[in-house]
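Welcome, and thanks for opening the viewer. Please keep it beside this text and select each item as we come to it.

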Protein chains: 2
Amino acid sequence: MLARNTHLITSRNHPSIRRLRSLHRREDRDRAGLALIEGLRLLSQAVERRVRFETLVLAPELLTSPYGRKLAHRLRRSGARCLEVSRDVFHSLALCDDPQGIAAVVPQEWQPIQRADPRDGLCWIALGALQSPGNLGTIIRTAEAVGAGGIVFLDPAADPYDASTIRASMGALFGLGYVRATLSEFAAWKRRTGCLVVGTSPSAEEDYHAVPYPEPCVLMMGWERRGLSPQETAQCDRLVRIPMVGRGDSLNLAIATGVMLYEVFNQRRAGAPLPNLNRVLASD
Amino acid sequence: MLARNTHLITSRNHPSIRRLRSLHRREDRDRAGLALIEGLRLLSQAVERRVRFETLVLAPELLTSPYGRKLAHRLRRSGARCLEVSRDVFHSLALCDDPQGIAAVVPQEWQPIQRADPRDGLCWIALGALQSPGNLGTIIRTAEAVGAGGIVFLDPAADPYDASTIRASMGALFGLGYVRATLSEFAAWKRRTGCLVVGTSPSAEEDYHAVPYPEPCVLMMGWERRGLSPQETAQCDRLVRIPMVGRGDSLNLAIATGVMLYEVFNQRRAGAPLPNLNRVLASD
């Protein structure tokens with residue numbers, strides 16, 4: 001498995017390994033503009049999406065499946081810089097207990113808001129404060145599933161490149177566009193692009209299922225229990241409510257976002273079908 | 001705060017405290033038929049639902065909010081057996097870092113399948129293998145939100161009384177009926193009650209949004225990546241697909257269940273409105 005001229009790294013303290021491990025920390029990750037991704041599923045999704053690999057990390061002792069070896073071979077041939085490491089070193093990088101022996105450093109992909117087009121994809125999502133990285137990953141996974149264009153993060157604390165988020169996104173990470181914006185940048189973008197911003201609120205009068213979501217449309221979703229802030233609410237052209245008949249006062253944020261996304265998706269499918277919808281429905 | 005005749009327990013090794021802690025273990029919890037619930041939100045939901053408290057656990061040093069003290073007072077007066085414990089002892093029981101100083105032992109509520117009525121509530125859910133306790137809690141929360149009747153667990157490993165599930169359910173735990181059943185018990189129940197069992201599968205031909213969900217209806221949901229087993233699939237009268245246009249091969253199970261539940265909910269709302277729907281929509 002070892003390619004010629006490749007040196008197997010066996011020390012956890014090797015500078016290259018320390019650099020890789022530093023990417024688990026938000027600050028270091030952001031400073032480098034990089035992220036560490038791990039596992040066959042995620043790497044093959046990254047390949048499909050033509051993500052550029054900054055560094056490939058292989059642990060030949062762990063990478064035993066024929067599929068994994070083939071993927072590693074293909075990535076090596078594409079010219080990615082490769083580090084081969086011992087099983088022990090790989091375990092020091094991996095976040096799961098049973099790692100597959102393949103990881104990669106990839107660039108974080110952020111768009112300036114000026115270049116984000118709310119007409120790209122089914123709709124966009126604007127996210128206020130978030131409670132959990134796992135929830136964000138689930139939102140990314142659902143958004144990719146319905147062909148949403150991307151996410152505007154209004155809260156700087158949210159990070160799609162967090163390891164728990166990446167894990168929960170199940171490889172969907174690379175299928176969306178990501179933008180960071182202040183609320184005033186968001187407001188300027190909204191005016192310029194003419195998108196309709198629909199926010200959800202338990203106290204809204206309109207039922208989410210009874211209003212149209214014309215293109216280009218942005219769903220503004222906020223932290224479940226606190227909801228949207230007054231400033232976020234002020235950016236909404238329309239406020240809708242997802243009705244509930246139980247005694248709870250809110251839905252999980254990822255569930256609320258999923259319900260909203262499928263509403264938009266179903267309305268678009270019922271109207272003029274999108275070209276990619278036809279394609280997928282036909283090939284299913 | 002200390003009531004007369006109440007002895008403050010200050011040792012983590014007190015037999016009553018050890019018994020409470022044992023409820024964090026599935027085996028002990030099931031043997032006792034009890035569960036430990038914690039926090040003001042959950043306890044007040046339990047009170048609203050008229051759950052019988054086997055034991056109330058209070059840490060006066062931690063229970064400082066007027067609302068919490070009032071709730072404790074009310075529960076004491078209702079005759080619940082009460083243990084008062086020190087801050088340190090409460091921390092040894094609590095699963096969160098910042099506990100509110102109130103917990104309770106409640107009975108697990110299971111119905112025999114023979115007594116479960118699929119006409120109770122919007123619909124029922126039958127769950128195959130589950131990946132995470134948190135997902136189950138989110139499913140319970142969403143199911144309660146749309147007024148579902150309950151959940152039939154086909155996999156004995158699933159446990160609504162797991163602490164992570166309870167936490168993710170955000171108090172909705174007490175709003176549903178719970179049944180454990182083997183697949184053959186489920187099959188007999190289905191025949192006897194005449195309910196329509198609708199399963200989801202990525203390879204199904206019918207679109208979930210294009211089929212009716214007449215009462216009584218049971219949604220059969222299976223573990224996200226593996227899907228329903230052949231035996232579970234054989235119990236379905238209808239298989240539907242939640243369409244996706246991305247490159248992922250599945251949705252998170254809680255999201256898929258949420259999308260299905262809101263589809264049933266929206267169809268029923270569009271037809272003859274349920275009495276409690278009218279009530280809630282009017283009082284919103």
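## First stop: a charged pair in chain B

Select B:E206 and B:R238: their side chains meet in a salt bridge, with N and O 2.9 Å apart. Keep in mind along the way that this is a predicted model. B:E206 belongs to strand β10 (residues 206–207) of chain B and B:R238 to strand β12 (residues 238–241) of chain B, so the pair ties together parts 32 residues apart in sequence. B:E206 is partly exposed, with a relative accessible area of 31%. B:R238, at 26% relative accessibility, counts as partly exposed.

Over all chains, a search of the whole structure finds 34 salt bridges. Side chains of opposite charge can pair when their charged atoms come close.

Next, select B:E61 and B:R87, whose closest N and O atoms are 4.0 Å apart in a salt bridge. This pair links distant parts of the chain, 26 residues apart: B:E61 sits in the loop between β3 and α4 (66–77) of chain B, while B:R87 is in helix α5 (residues 87–93) of chain B. How accessible is B:E61? At 43% relative accessibility, B:E61 counts as partly exposed. B:R87 is partly exposed at 41%.

Now move to chain A and select A:R26 and A:D30, which form a salt bridge of 2.8 Å, N to O. Both lie in helix α2 (residues 26–32) of chain A, 4 residues apart, or about one turn of the helix. A:R26 is partly exposed at 26% relative accessibility, and A:D30 is partly exposed with a relative accessible area of 33%.

## The open sheet of chain B

Color the strands of chain B and look for an open sheet of 5 strands, in the order β1-β4-β3-β5-β2, with mixed pairing. At its edges are β1 (8–9) and β2 (34–38) of chain B, each pairing on one side only. Strands of a sheet pair through backbone hydrogen bonds, either parallel or antiparallel.

Select β4(B) and check its surroundings. 4 of its 5 residues are buried, so β4(B) is largely enclosed by the rest of the structure. Its links to two strands are worth a look:

- β1(B) and β4(B) run parallel, joined by 2 bridges; here B:I9 stands opposite B:V85 of β4(B).
- β3(B) and β4(B) run parallel, joined by 4 bridges; here B:V57 stands opposite B:L83 of β4(B).

Which way do β3 (residues 55–58) and β5 (residues 102–107) of chain B run, parallel or antiparallel? They run antiparallel, with 4 bridges between them. To see one, select B:T55 and its bridge partner in β5(B), B:V105.

Helix α1 (residues 15–22) of chain B lies across β1, β2, β3, β4 (81–85) and β5 of chain B, running at about 100 degrees to β4(B).

## The parallel sheet of chain A

Switch to chain A, where 7 strands form an open sheet with parallel pairing, in the order β8-β7-β6-β11-β9-β12-β10. β8 (177–180) and β10 (206–207) of chain A stand at the edges with a single partner strand each, so one side of each has no neighbour in the sheet.

Select β7 (residues 150–153) of chain A: 4 bridges join it to β8(A), and the two run parallel. A:G150 has A:G177 as its bridge partner in β8(A). Helix α8 (residues 183–193) of chain A packs on this sheet, and its direction makes about 155 degrees with that of β11(A). Helix α10 (residues 253–270) of chain A lies across β6, β9, β11 and β12 (238–241) of chain A, at about 165 degrees to β11(A).

## Last stop: where the chains meet

Show both chains together. 43 residues of chain B are in contact with 43 residues of chain A. The area buried between them is about 3700 Å², with carbon and sulfur atoms giving 50%. Select B:R141, B:V245 and B:R247, which in chain B lose the most area to chain A, together 20% of what that side buries.

How many salt bridges does the rule find across this interface? There are 6. Finish with the salt bridge between the side chains of B:R269 and A:D207, at 2.3 Å from N to O.

Key. Residues numbered from 1 in each chain as written. Chains lettered and ligands numbered in written order. Predicted model: local features only at pLDDT ≥ 70, side-chain atom pairs only at ≥ 80, totals over all residues. Heavy atoms only, no water. Pairing = 2+ DSSP bridges. Contact = heavy atoms within 4.5 Å. Axes fitted to C-alpha atoms, helices over the stretch in contact; angles between N-to-C directions. Buried area = accessible area lost by both parts, 1.4 Å probe. Buried < 20%, exposed > 50% of the residue type's maximum accessible area, 1.4 Å probe, protein only.
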